Amino acid sequence: MKISYHGHAIVQIKTDGKEILIDPFITGNPLTDLQVEREAPDVIVLTHGHGDHLGDTVELAKKKNALVIAINELAEYLGRKGLKTHGINIGGSYRFDFGTVKLTQAFHSNSIVEEDGTIVYLGMPAGVLLTIEGKTIYHAGDTALFSDMKLIGERHPIDLAFLPIGDNFTMGPEDAAYAAKLLNAKTVVPIHYNTFPVIQQDPEAFVAKLEGGNGKVLKPGDEIEL
């Protein structure tokens, strides 16, 4: 299984002939190496509906009728736009043909801004636990630090964790370093930084804060094999 990072919060997983994209914010993302016209995922997993996470989901999903997995309200919203969706709620999990997806809590918000400016709230934001090929990957989504991250780590031994460090909209480097300690993941990768001026951070400085020495900075396109 190959897991790669593609700027902001985009994570790609290739396993057993399937391509999974998490939070495919490609158009308008100055950091990504991906191009919408070249991507055709089999599965899209969304942590929440903000534009820098929902991104190009609709266009990408329609290419080959990809399955979109998201919190129930967001899945319902996208289903009404003609996408094939599967809704899960916080704490729930479901076993798909590629592996198991479980949604965890995340302390953030979750909405879509319609073309006319209307804000549509879409339930809770989420983190995502993916168990594939006997390995567990945690994508925290956009979140503040919360103490139950310790419980998440205890209940689900994590091989690879993607944690936001940008601050302002999510936890910053100090809180993310404490989150890494609570989660006790084997490897921690920083995400959600440097895309916009307000979330400028030094990922190497974040990695240096990790007590376990288990941090790894990935540039867009870099991958880890599990």
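Student: In this predicted model, why is Thr15 called buried?

Tutor: Thr15 has a relative accessible area of 4%. Buried means under 20%, so Thr15 is buried. Thr15 belongs to strand S2, residues 11–15.

Student: What makes the pairing of the side chains of Thr15 and Glu133 a polar contact?

Tutor: The side chains of Thr15 and Glu133 are joined at 2.5 Å.

Student: Why is Asp16 called exposed?

Tutor: Asp16 has a relative accessibility of 72%. Exposed means over 50%, so Asp16 counts as exposed. Asp16 lies in the loop between S2 and strand S3 (18–22), and has a positive phi of about 50° although it is not a glycine.

Student: Why does Asn168 count as exposed?

Tutor: The relative accessibility of Asn168 is 51%. The cut-off is over 50%, so Asn168 counts as exposed. Asn168 is in the loop between S13 and H5; its phi, near 65°, is a positive value in a residue other than glycine.

Student: How do you know that the buried residues of H3 line one face of the helix?

Tutor: In helix H3, residues 72–79, the buried residues include Leu74, Ala75, Tyr77 and Leu78. Viewed down the axis of H3, its buried residues fall within an arc of 160°, and so they line one face of the helix. Among the elements that cover these buried residues are helix H1 (51–54), helix H2 (57–63) and strand S5 (67–71).

Student: Why is strand S13 described as largely enclosed by the rest of the structure?

Tutor: Five of the five residues of S13, residues 160–164, are buried, so the strand is largely enclosed. Leu160, Phe162 and Pro164 are buried on one side, and Ala161 and Leu163 on the other. In a regular strand, side chains alternate between the two faces of the sheet.

Student: What makes S12 and S13 a pair of strands?

Tutor: Three bridges join strand S12 (residues 135–139) to S13, and the two run parallel. Pairing needs at least two bridges, so S12 and S13 meet the definition with three. Tyr138 stands opposite Ala161 in S13.

Student: How do you know that S13 also pairs with S14?

Tutor: Five bridges join S13 to strand S14 (residues 187–191), and these strands run parallel. The requirement is at least two bridges, so S13 and S14 pair. Leu160 stands opposite Thr187 in S14.

How values were computed: Residues are numbered from 1 along each chain as its sequence is written. This is a predicted model: local features need pLDDT of at least 70, side-chain atom pairs count only at pLDDT 80 or more; totals for chains, interfaces and linings use all residues. Side-chain values use heavy atoms; hydrogens and water are left out. Helices (H or I, at least four residues) and strands (E, at least two) are DSSP runs, numbered from the N terminus. Buried means under 20% relative accessible area, exposed over 50%, partly exposed in between (1.4 Å probe, protein chains only). A polar contact is a pair of N or O atoms within 3.5 Å; within protein, one must be able to donate a hydrogen and the other to accept it, and residues adjacent in sequence count only if both atoms are side-chain atoms. The arc is that of the directions from the helix axis to the C-beta atoms. Contact means heavy atoms within 4.5 Å.
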